[in-house]
Every structure is written in structure tokens, then in C-alpha cells.
Amino acid sequence: MAKSIQHNVAYAACGSGCASAGGDARCVGDAIVLVVAEDEATLEKAKKLVKIDYEPLEPVRNIVEAKAADAPHLHDSFFAFGNTV
Amino acid sequence: MCQCRHVTRGDAAKALAESAFTVTQRFTTPFTEHAFLEPECAVAFPYKNGVKVQSTDQGAYDTRKECAHMFGWDSEPERVVVETMLVGGGFGGKEDVSIQHLAALAAYKLQRPVKCKLTRAESLAFHPKRHAMDGTFTLGCDAEGNFTGLDCEINFDTGAYASLCGPVLERACTHAVGPYKYQNTDIRGFGYYTNNPPAGAYRGFVFAGRCRGMWPAASLYCQRRVLHRGRSRLRHHVWLATDGRDWRGRARCRLPAARCHA
């Protein structure tokens, strides 16, 4: 039987991109929760039961803000797979 | 910062200092959306001791690698089998995994087939765009109109994830000179993380980089022409000659250069 997953958030470029519970979401689309249901109607109901408690952080909106000396670090490393390619 | 590149040849500073004319201009381009026909979709199901994914993406091997990495199967990626189905348009926008790993995760965890698909709004919200770019170009020429050197800094907004920041940045830098005949360049490229949607591939690397290189160079030439007595078009001798070398010392690329008007 086919199932459907709905995620209003998800991204995994280079193997990263899943904001785990308690972590920082980096953009609209980051994976925070995964809901799986038997069909799409059930899925829509299940999604409504999900409550996310966000702490708003000041975003980096453009290149100028990213260049600022006090700009937050979005990633500790760009090596998504460690030091392997 | 995500990535940086520094591409040089000759002595751009000296060439520009000795140029008869120089023009400096800043150019910005926005994020660009692929607008492919069908949003992302993947169906995954248990397969042998792993999972099989049927998806619409453009890179089956990258999808396998990234899904295997998610599972912690880096040393046994064969546990993930990826089959590319009808893509539904991609143009680079489906090179990164989007829903494949989620379908795979649920299918493996639940040991049942799982479909994961995006609505159009979800797709637009997070699949990678062409990078927003902000570049400043200084181009010089001698009294006869021959280009002499280019100094250039290109900044990328690569969004929240790296995706193909490095390769695209490299193409932008190495093609910033356009198809012109001069040997002194100093090109610096920087890709910055922001909280915008990720930026990655878009319709080939070279195409985008070349457009963003040719256009400023030609525009600058236009400015020079306006500032000084005009010619109605780029003179043919500034283009790469038949036996010419490009800025890297490599044989010329095949471009319909002589037919491109400034």
C-alpha cells in the first residue's frame, strides 16, 4: 500500500540540511519533522497536529549582511562528508 | 563564507595602470528560478538489505551517495539503489536531493513503500536557485581599443546550503573575461552563506558564467565607446583570434564571437 509523506520543510544539499530537534533551521524548507500517513487526506489532518516552537533568530538576508564581521556562522564546515569527496 | 576562488594571469594591476582607458562598473543579478514543469517526487521501498528509490532527480549517483550518508552507510552505498524516472524538467534545479532521502528514510524505517512529493509552493520555496550575484568589473584598453586587463570581484549569495557553490563560482570566475583577447586578469570570487533558499546548478555552469562575463565586458566596452569616439560594434580584433589563446593560455573556445554586437 502506498503511503504519502508530506514535508513542508526539507532540504539536503550535499547531505546536510536536516535541522534536528532543537537545532537551528537555516532556511524556509529545512526538514524539522517528518509526517507519514496512509493517504493524503489523513496526512493533511496529521500535519495540523504538529506544533513547532520556534525561537526567532535574526536572519542573514543578503551578501552585505553575510560579509558583516558579526554575521552568524551558518555552518561549521562545508565538508558535508567530512574530509572525503 | 562557503567558498572562494582566485584566478589570475599576467599582471592585471600593471596592465590597468598602463591602459589608455579603464571603466569600472558594478553588476548585480537576482536569484533565478528554473520553473521546471513538474515538482519533485520520489517513491521508495525496501529492497534487499536497504532501500530502492525511484525519483525525478538529475543525479542518481549523488542521490545514492547522500541517502547512504544519511543512513550511515558510507562504506556500503550499494544498499541504496536509485532509479531515475521521468525527470519532468530540471535544468539544474533537481541536481540536489530534495525528497528522495525522506522517502528512503520512511520506507526503510517502516519497511513499506513511501511516496514523497512536493507541492509547487514547497518546491519553489527550497529547491536551489541560480545564485544572486554582485560583481564589480574594471576593464582596460589601449588607445587602439585592444583590451588590456580585467580586475574583477564576484560575490555570490549561495543561500543556506553549499550545493554547487564551488563549481558555479569557479565557472563564473573563469568565464568573467568573456571571449576576448587579453592576458592580464585578477578575478576574485566569494560565495556567502545566507538564510535564503540554497543556490546551485542552473542550466549548465558555463552558460550562466559566460553570460555574466560577456555581458559586463561588452557593456563596459560600450561605455568606453560612448566616452570616446564611437564604433558601432566591438571590433573583431578584440575577440579571440583563430590562432589565439584565451586568458588561460588555452586554445580559443568556439563562439560566434564575430556576430555578437556590443
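Is B:Tyr108 buried, partly exposed or exposed? Select it first: B:Tyr108 is partly exposed, with a relative accessible area of 28% (buried is under 20%, exposed over 50%, partly exposed in between, with a 1.4 Å probe and protein chains only).

Before moving on, a note on what is on screen. This is a predicted model, in which local features need pLDDT of at least 70 and side-chain atom pairs count only at pLDDT 80 or more, while totals for chains, interfaces and linings use all residues. Residues are numbered from 1 along each chain, chains are lettered from A, and side-chain values use heavy atoms, without hydrogens and water.

Just after H2(B), B:Gly72 takes a positive phi of about 80°.

The rings of B:Phe71 and B:Trp73 are stacked, with centres 4.2 Å apart and planes at 15° (rings of Phe, Tyr and Trp, the last by its six-membered ring, pair with centres within 6.5 Å; planes under 30 degrees apart are stacked, over 60 edge-to-face, the rest tilted). B:Trp73 also pairs edge-to-face with B:Tyr108, at 5.0 Å and 80°. B:Trp73 lies in the loop between H2 and strand E5 of chain B and B:Tyr108 in helix H3, so this pair ties together parts 35 residues apart in sequence.

Finally, show B:Arg79: it lies over the face of B:Trp73, 3.9 Å from the ring centre (CZ of Arg or NZ of Lys must be within 6 Å of the centre and within 35 degrees of the ring normal).

Note on methods
Helices (H or I, at least four residues) and strands (E, at least two) are DSSP runs, numbered from the N terminus.
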